[in-house]
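Reader: Could you take me through one part of this model closely, with the cut-offs behind each term, and tell me how far the prediction can be read?

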Amino acid sequence: SSLVDFERTQKKEELKSSALIKVIYEDNDVIVVDKPATLPIHPCGGYNFNSLFHILAEQDPNLKGRLHTVHRLDRLTSGVTIVAKSTHVAKSLGKCISDREHCHKTYIARVKGRFPLGIPTKLSRLSAICRKEDSKDGLGGGGTEDAGSSCDQQKQAPCQFGELVDIPGSLVNESSRGKGNKNNTTPALGFWITDGLGIIHGDATVSDVFESRQNMKKLLGQDKSLTHQPEDLETNMEGRQTNDLTSSTNAEVRSEQRWFHLACPCRVASHKNGICEAGDFSHLSKSEAEDKKFGIKAAQTSFAVIDYDTETDSTIVLAKPVTGRTHQIRLHLEYLGHPIANDPNYGGDIWYGDPAGAAACQDAKEKMDEMDLMAGSQEPGCKIATNTLSSSFVQRPKDATSTDVPATEAEVQNAALQVRDKGETLLSFIKKTCVWCARSRGGDRVLFEFLVRSQGIWLHAFEYKVIGGNGELLKYRSDPPTWICLR
């Protein structure tokens, strides 16, 4: 419903100079951009012109018809987005990203409260697994001996990709097992704490995680710009390894940092309404748990604290999703009792920390709800008088105008009756058949929309590191979001 009328924009030269989308890196195969929040990657739902692909093609006409999705990034999330210029590259990079061992993602989030002091009391700590055989360190610090342990055995992280690691002869806490699935894997529910080197600290507390917060520049490297725009990909990638999280020069900083690792299953509760949830699903029946559409999937995310703001009672955290479930970071933070502060879908408030904005939002909702009452007072299903959808009186759900209530069957049927006139522009036809425009009864809702809908959540894709098929490390990093302060 939020459209950009490019038929009435400035000249292409002016549009290009305005740089609506910041390009982080571009070559013959890919274009990597810093996607603004609220912008979907490709046209979908009520978003036709106002999409990343459409705006990129307007900025550079050479990209028209050549943009292909490599990975997902929620509409309300900002940050690094990799776009391929051919189906071959999209398929190749997409495979690397879906292969968890070949892609490492780092996000920045701003959450409610002092993370992670508010975690549920019922959440269990998962014990590290001891084994006598030697092993190589894996992702997340597997196979590393616990600091201060008198045991000469190797200790491995209790989970891999959100599933319990079962080693013959090891003891696994049965209470940490989640509801199983058809693949006989065991989604885990619990947490453990390591340092930045991956060493498991069984005696570390959640307070230690909060108190070990590090300056972001120290934690992520000393690159002053914190951005990456190489002229030559291979040379620059190689030259920047000293600023990587795994750099030996940052070993001391990493050993002091405490990382909170959460294994918590997720599921899509409703595909139609886009509702997802995370947590303990033991209340579900076996058939519900194994349902392909709504099945439970193991998920794992690691968190570290960057900073805390006492005035707004919010914490800046780094989030590293080990798996890639829909809305995973948002779901895990909500489950931990520290939702993204301004995420209205998962425990946050749109105008968090802004009482004036919250009051204006409430006023706008009330005014928009009046539009629903007007429409609801008419006879439902009244015959359309003209060829515009907004002229029909269709019974709508309560508060339909001020919320994202899905279109009713009656609204869809009325929209389907509309016919595109000869010579009518696509934009005009979309406006004529738009359910949300019809709900407003033709009123001026631009300001109301701004006040009642999210202007983007405090979740930013900061860095993507992808190991290509030839073993080359491709690393793309954006600028930090404007809603954090670097000390």
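Author: Both Trp-458 and Trp-483 are buried, that is, each has under 20% relative accessible area with a 1.4 Å probe and protein chains only. Their ring centres lie 6.4 Å apart and their planes meet at 40°, so the pair is tilted; rings of Phe, Tyr and Trp (its six-membered ring) pair if their centres lie within 6.5 Å, and planes under 30 degrees apart count as stacked, over 60 as edge-to-face and the rest as tilted. The two residues come from distant parts of the chain, 25 residues apart, with Trp-458 in the loop between α14 (446-452) and β16 (459-467) and Trp-483 in the segment after β17 (473-477); helices (H or I, at least four residues) and strands (E, at least two) are DSSP runs, numbered from the N terminus. The charged end of Arg-110 sits over the ring of Trp-458, 4.0 Å from its centre, where such a placement requires CZ of Arg or NZ of Lys within 6 Å of the ring centre and within 35 degrees of the ring normal.

Elsewhere, Arg-213 lies over the face of Phe-210, at 4.4 Å from the ring centre, and Phe-115, Phe-191, Phe-260 and Phe-303 form one aromatic cluster.

Residues are numbered from 1 along each chain as its sequence is written, and side-chain values use heavy atoms, without hydrogens and water. The chain has a mean pLDDT of 76, and 70% of its residues reach 70 or more.

Methods: Predicted model: local features only at pLDDT ≥ 70, side-chain atom pairs only at ≥ 80, totals over all residues. pLDDT = per-residue confidence, 0-100. Buried < 20%, exposed > 50% of the residue type's maximum accessible area, 1.4 Å probe, protein only.
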